[in-house]
Amino acid sequence: MDTIRQAITSSIATKEQILANETLLETIRQVAEVMVQALRDGKRILWCGNGGSAADAQHLAAELSGRFYYDRPPLNSEALHCNTSYMTAVANDYGYDMIYSRMIDGACRPGDVLVGISTSGNSKNICNAFHKAKELQVVTVAMTGASGGAMKSMSDYLLNVPSEDTPRIQESHIMIGHIICEMVESKMFPRV
């Protein structure tokens, strides 16, 4: 029981730190606004990550492209790692570090939004993706842990969860992502 209570207490403490961080809250609001503007301009919201962060990227893309709180038209949002034939071919032929940057080079246009999720902020393939995104004038949003890692200096918007504990960071990424999805959905399709 102590392990269970400790994990829950730690998760709550991390979220309380987010709640008290006005800069982070404002950045969450800004990211939602940037996504809304991109979608209104006919642009796309793209997501990438590795491991659990890839699962989070796919989850959050689906919240926008499918539905979140209510029925409405789909939004142009997808996770970049869902084509396994592409992923395995590029990883084999060019290296795993190139899987996202190569796809961005072929698929992204100025004004698209790329969300990279990495608890360390140092995932080489996501850093490479951010470099390529910058070349193409794609807006970059980094979802990381406390330090922001290498992604901190290369992102337009940094959503750095104030924790070094991977499970707490990932739990908070989903919470922040859900908040953004809710805000985007309600702005794009206001309920009458």
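Trainee: What makes Met-1, Ile-4, Ile-8 and Ile-12 a nonpolar surface patch?

Mentor: In this predicted model, those residues make a patch of about 430 Å², and a patch takes residues with over 30% relative accessible area and no salt bridge, joining nonpolar side chains (Val, Leu, Ile, Met, Phe, Trp, Tyr) within 5 Å and like charges within 9 Å. Accessible areas come from the Shrake-Rupley method with a 1.4 Å probe, and Ile-4 has its place in helix H1, residues 2–20. Because the model is predicted, local features need pLDDT of at least 70 and side-chain atom pairs count only at pLDDT 80 or more, while totals for chains, interfaces and linings use all residues. Residues are numbered from 1 along each chain as its sequence is written, and side-chain values use heavy atoms, with hydrogens and water left out.

Trainee: Why are H5 and H6 called roughly parallel?

Mentor: Helix H5 (residues 99–107) and helix H6 (residues 124–135) pack at an angle of about 25°, and angles under 35 degrees count as roughly parallel, over 145 as roughly antiparallel, 65 to 115 as roughly perpendicular and the rest as oblique, so H5 and H6 are roughly parallel to each other. Among the residues that meet are Tyr-100 and Ile-104 in H5 and Ile-126 and Ala-129 in H6, where contact means heavy atoms within 4.5 Å.

Trainee: Why is H2 called oblique to H7?

Mentor: The axes of helix H2 (residues 22–40) and helix H7 (residues 166–188) cross at roughly 45° and come within 9 Å, which means that H2 is oblique to H7. Val-36 and Leu-39 are among the H2 residues that meet H7, whose partners include Ile-180 and Met-183.

Trainee: How do you know that H3 is roughly parallel to H7?

Mentor: Helix H3 (residues 52–65) and H7 have axes that cross at roughly 15° and come within 10 Å, and therefore H3 is roughly parallel to H7. The contacts include His-59 and Leu-60 in H3, and His-173 and Gly-177 in H7.

Trainee: What makes the meeting of Asp-156 and Lys-134 a salt bridge?

Mentor: A salt bridge needs a side-chain nitrogen of Lys or Arg within 4 Å of a carboxyl oxygen of Asp or Glu, and the side chains of Asp-156 and Lys-134 meet at 2.5 Å, N to O. The pair links distant parts of the chain, 22 residues apart, with Asp-156 in the loop between strands E4 (139–144) and E5 (157–160) and Lys-134 in helix H6.

Note on methods. Helices (H or I, at least four residues) and strands (E, at least two) are DSSP runs, numbered from the N terminus. Axes are lines fitted to C-alpha atoms, for helices over the stretch in contact, and angles run from 0 to 180 degrees between N-to-C directions.
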